[in-house]
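Thanks for coming. I will go through one structure this morning, with the sequence and the coordinates on the screen.

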Amino acid sequence: MRLLLGWIALVLTVIGAVPQARAETGYDLWLRYRPVEPEYRERYATAFRYLTFYVRSEVGETARVALLDGLYGMTGLVPPPSDRIGANTLLVGTADNPVIAALNLPLAGLGREGFVIRSLTIDGHRVTVIAANQEVGLLYGVFRLLRQIQIRQPVDALDIADAPKLQVRILNHWDNLDRYVERGYAGQSLWDWQKLPGHLDPRYTDYARANASIGINGVVLTNVNANAEILKPVWLEKVKALAGVFRPWGIRVYLTARFSAPIEIGGLKTADPLDPAVQAWWKAKADEIYRVIPDFGGFLVKANSEGQPGPADYKRSHAEGANMLADALAPHGGIVMWRAFVYAAENPEDRAKQAYTEFQPLDGKFRDNVIVQVKNGAVDFQPREPFHPLFGAMPRTPLMMEVQLTKEYLGFATHLAWLGPMWEEVLQSDTFRPKAGTTVADVIDTPVRPGAVTGMAGVANIGSDINWTGSQFDQANWYAFGRFAWDPDSKADAIAQDWARMTWGGDAQTVEAILGMMRGSREAVVDYMTPLGLAHLMATGHHYGPGPWVSDLARPEWNPVYYHKADASGIGFDRTKTGSDALAQYAAPLAKRWGAPDTTPENLLLWFHHVSWDHKMKSGRTLWEELLTHYDRGVASVAAMQARWEGLKDRVDHRRWEEVRDFLAIQHDEAKWWRDASIAYFQSVSKRPLPAGVAAPAHDLDWYKAIDNRYAPGNGK
Ligand code: GCW
């Protein structure tokens, strides 16, 4: 008897019919589809006993298979197809199908990608319907229904109508053709170019499925620090192969266009955008690309920034450069995403001002199929920056927001930092343009004219690591990007809840503990790296670890001392009228509010003001003491995360649990490193004593300065 029971258990385990704690790597992301608890199984199995799925194309077929895959994983059953709509049928189809059309669902305003999920009664039978205008909407509807099950929601009174608020929801891979990923902390590039197009790694499909599950519909395959080679025919064949894998998942491919490509691979003498031969070259190149990849999305361009070529090389504006490419793509429906991340080598202006200075006057000068891609903040993906002043300041130009999933400035892959709250903070910032209450989210999701392109871009944190993102918790940032790009008014906390439930399963207590870790994690990084509005204090080149003392780099704005401006009298960057006046780039009410230290939120204080070390803070402490408090708080928050995670030891599968435990320990060490090095350095400048109770740094300043991490990953090349 014992033996028999053992066999039964083994068989059940193998077929995955019982929940189990087997070693997980994280490869399955938030799509684990483990069996639901017995009390839920009956409910879901009953509701979806039969399936009527009207498939028209490969996107529909992809949606159908994704649905069955999820249902089978979670309920252990595959609903048989049925062409009769009886009780407990799941009915899926597009609006042009007469059966769906007869239901009169509110699909009219939902566009290509929207969907409706509804519980209905048809001829007295309880039915669930997923309907959309196009099959890609069905794909998104399917993933939404599966999510309901993943997070154990009821499915008997569904009434969901949803559509993405942004058109272009796109990952930017900073992947080089040799598979090196700039600012990549998750292994090599996923794109195995050498084996393409001959071999299609199954990971391409899994990647596409993950993206589709969160509504991502575009992928820029190549680094913005671009290589013109990718535009050669032999490479385009490889791109075509990837496009073929992604297409059934509703995803288009895009490439970065190196502005000097006409010279480098076209044999021309110039890349001047007003030169007819250059224009003809790009036109022919676009025609060629579309012959190979008919649904090619378009180009992403970094021009005249950090050494990249661009129109300014020929004394032309960004608009002239972008429009030339836009004209080449327009006949095919392609777009140009032109980055506003510019700062010029010889320009002494405050770096935080340069993008606005250069782009704002170009408002209204771009072609309709150009969208200007603006980083969330004016400097560079720092742990905290005020929102970029261009948002709201170019009302006649489509703007998309670019955020960085890969944590170049937030501890790479080993620091647990949930970025949802950071993106929510930026998206919910009031631009006061044209009037109070107009948030950054409003700016990006309101088309500047009917039909104008909208979008959001995320610099991918994805690579060849088995867990995709270099750490289990960085998956949450990929997930969140998709959700925010779908709806920029999303709430980070709600996203975190869904993610935690889907990714870690488990009971409410586990999910609550994980949420507790995630919620404060970004602020912890701010605290131990760059509190109170400080920014850009990292070590040179690779950006790994602290380097607030660095002052010897060729360009002033590469040096941390440029950003903190600490001296014997105080610390902070004066961006008011008495300083760089970057504040003038914001709407008047903000410029006023942020114009005085007392009305500036303390978490942005040193971004806008140079204040005395003895400046009185709201807490009653001096600025110097407050700074120390933040460093200590940051380290303590990591310790608190560690304690919480310890408590989950028996509630989370072991392999993932151990990985997170190890990474938290690394993070704790590195948080102390940041704290100690920062205190050692700033104390050498402030000459203030450490108050009682504040521990002295473990080493002297020279010790921290001597740390050499030249082989840290992800360095720009
Ligand atoms: O944050 C900086 C990075 C560079 C990057 C640049 C950019 C791709 O350090 O590696 O280059 O931003 O966004 O263009």
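I will start with the ligand, then take a helix, a strand pair and a few single residues.

First, the basis. This is a predicted model, in which local features need pLDDT of at least 70 and side-chain atom pairs count only at pLDDT 80 or more, while totals for chains, interfaces and linings use all residues. Residues are numbered from 1 along each chain as its sequence is written, and side-chain values use heavy atoms, with hydrogens and water left out.

Now the ligand. It has 15 residues around it, and the closest are Glu-182, Lys-302, Arg-339, Asp-380 and Glu-408; a residue is counted if one of its heavy atoms lies within 4 Å of the ligand. An N or O atom in the side chain of Glu-182 is 2.4 Å from a ligand oxygen. For Lys-375, a polar side-chain atom lies 2.7 Å from an oxygen atom of the ligand, and for Asn-225 the distance from a side-chain N or O atom to a ligand oxygen is 3.2 Å. On its own the ligand has 340 Å² of accessible area, and the protein covers 97% of that. Those areas come from the Shrake-Rupley method with a 1.4 Å probe.

Next, helix 12, residues 420-427. Helices (H or I, at least four residues) and strands (E, at least two) are DSSP runs, numbered from the N terminus. Which residues of helix 12 are buried? They are Gly-420, Met-422, Trp-423, Val-426 and Leu-427. Because these residues cover an arc of only 165° around the axis, they sit on the same side of helix 12. The arc is that of the directions from the helix axis to the C-beta atoms. Buried means under 20% relative accessible area, exposed means over 50%, and partly exposed is in between, with a 1.4 Å probe and protein chains only. The cover over this side includes strand 12, helix 13, strand 13, helix 14, helix 15 and helix 17.

Ser-490 is buried, at 11% relative accessible area. Its side chain has a polar atom 2.7 Å from the backbone oxygen of Asp-487 and one 3.4 Å from the backbone oxygen of Arg-483. Not counting residues up to four places away in sequence, Ser-490 touches Glu-424, Arg-483, Phe-484 and Ile-495, where contact means heavy atoms within 4.5 Å.

In helix 15 we find Asp-498. Asp-498 also counts as buried, because its relative accessibility is 11%. Beyond its neighbours within four places, Asp-498 is in contact with Arg-147, Ile-151, Tyr-479 and Arg-483.

Now the strands. Strand 3, residues 115-122, pairs with strand 5 in the antiparallel sense over four bridges; DSSP must find at least two bridges for a pair. Ile-117 stands opposite Ile-160.

Last, Arg-56, in the loop between strand 1 and helix 3. Outside four places in sequence, Arg-56 is in contact with Thr-94, Asp-96 and Glu-135. The side chains of Arg-56 and Asp-96 make a polar contact of 3.2 Å. A polar contact is a pair of N or O atoms within 3.5 Å; within protein, one must be able to donate a hydrogen and the other to accept it, and residues adjacent in sequence count only if both atoms are side-chain atoms.
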